[in-house]
Amino acid sequence: MVEEALSIIIPLIFASIIYWVGGRIAAKGSANPGKVKPYACGEDLPGAKLNLDITRFYIYLVYFMIFDILGIILSFALTANPIYVALFIAPTIVALLFIAMKIEDIGG
Amino acid sequence: MIVTILKMAIFPGVLFIAVLSLFYEWLDRKIYARLQHRYGPLYTGPSGILQPLADFIKLLSKEDIEPEISDKWVFRMMPVILLALPLIASMYIPILELSRGLASFEGDLIFVLLLLTLYSVSIVLAAWASTNRFSIVGGIRTAIQLFSFEIPLVISLLAPSIDAGTLSIGGLVLWQSGNLPFIMLQPIGFIVAFLCFIGELERIPFDIPHAETELVAGWITEFSGRKLALIRLSMDVELLVASMLLACIYLGGGAGPILPPIIWLILKSLVILALMSNVRALLARFRIDQAARGAWRILTPLALIQTLLAATL
């Protein structure tokens, strides 16, 4: 238990130290109104945040959920009879192939 | 306790991994350059071996500019977290001993996969916090790649554990030291995992999230100075962790005659690294829809078929 806790704490401390050291030795530039603008290749883009249409993400998200759960179930099926694993995977492959053939706009 | 802390902080732990990852970056750049008839890093140290370290120190000493409309706290926190996540994952890879890393428990393979997923999620957060158009588009592309490559990666890395009957990385290495390595038993799974790691690492055939010709630097655009130094180092460490993980799961990790496990593991992961550099020099960038489509239509069924074969044969 201690080892797992340390394995998380020590990298965080290491990264924080580098960040802090970077702040100490970094050059201090002069203030400049153009410098703190978001980078835009020299163009004058509207300042507002870019809003994206993320509805098409949901197709991905549903697939992602289904197959992530599949992965977890597989990982817990190690001691089970292999025939159950096979019975579980085979319909999924068929379903996946069916989806891949049918849905044309799967790519974002 | 003290010994554990010292081990984790210095020798097979954080400092060693960071230095070794800089060496991996040098080797990657060198192979990539030689394949393109360039010399690559040349002047800093023998054959330019100190070039990644020099780049790191230079970036660390540069001015740190934050855009005024960025989400300051997330923007400052993410580089630290991005560096810490692959370093945490490296603790669970059996480097020094054959069968266990510095920390290990039954099921640490799942934990390492979770850390690699969190890395991509942190990238999306960092991109969103920097509120730049290029960053946000890059972050969204990272998310699409995460959704595409995560599933075949997880399934193809879990297929060996069905044969070996264990979910710990050390257990998989131990199983392979008594049997054949998994690359001979499950070659399809190795190819799928290899391609998915290239996608997760955002290396050249799948470097769509920071495509220089379209998106300036993608999700990294607004990061400068020490933040950029940390992000660059974190990408190197992630490359090292991915190649070592692949070497542990498919090439038998530290198992080998005469030499100690650490040498074998480094040699095997260098083979993976050389393969990745070759792919990087060989192929041009895919479009995002091609990458997503290929991952879902080709890699995921292949990974599932490999699992089916592993479960039944």
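Reader: Hi! How many cavities of 30 Å³ or more does a search of the whole structure find?
Author: The search finds 3 in this predicted model. A cavity is a set of points on a 1 Å grid over the protein atoms alone where a 1.4 Å probe fits but cannot get out; volumes are the space filled by probe spheres set on the points, which are joined across faces, edges and corners.

Reader: How much space lies in the largest cavity?
Author: About 50 Å³. Its lining (residues with an atom within 4 Å of a point) is B:Leu22, B:Glu25, B:Pro52, B:Asp55, B:Phe56, B:Leu59, B:Arg232, B:Leu233 and B:Asp236.

Reader: Which helix gives the largest share of that lining?
Author: H3(B), with 4 residues. Helices here are DSSP runs (H or I, at least four residues) numbered from the N terminus. H3 spans 51–60, and H2 and H11 of chain B also supply at least two residues each.

Reader: And what about the largest pocket, how much space is in there?
Author: About 610 Å³. A pocket is an open set with protein on both sides within 12 Å along at least five of seven lines. Of its 23 lining residues, B:Glu202, B:His210, B:Arg232, B:Met235 and B:Arg280 are the closest to the centre. H11(B) gives the largest share of the lining, 6 residues.

Reader: How does the pocket lining split by class?
Author: There are 10 nonpolar, 1 polar and 12 charged residues (Asp, Glu, Lys and Arg count as charged; Ala, Val, Leu, Ile, Met, Phe, Trp, Tyr, Cys and Pro as nonpolar; the others, Gly among them, as polar). The largest cavity has 5 nonpolar, no polar and 4 charged.

How values were computed: Residues are numbered from 1 along each chain as its sequence is written. Chains are lettered from A and ligands numbered from 1 in the order in which they are written. This is a predicted model: local features need pLDDT of at least 70, side-chain atom pairs count only at pLDDT 80 or more; totals for chains, interfaces and linings use all residues. Side-chain values use heavy atoms; hydrogens and water are left out.
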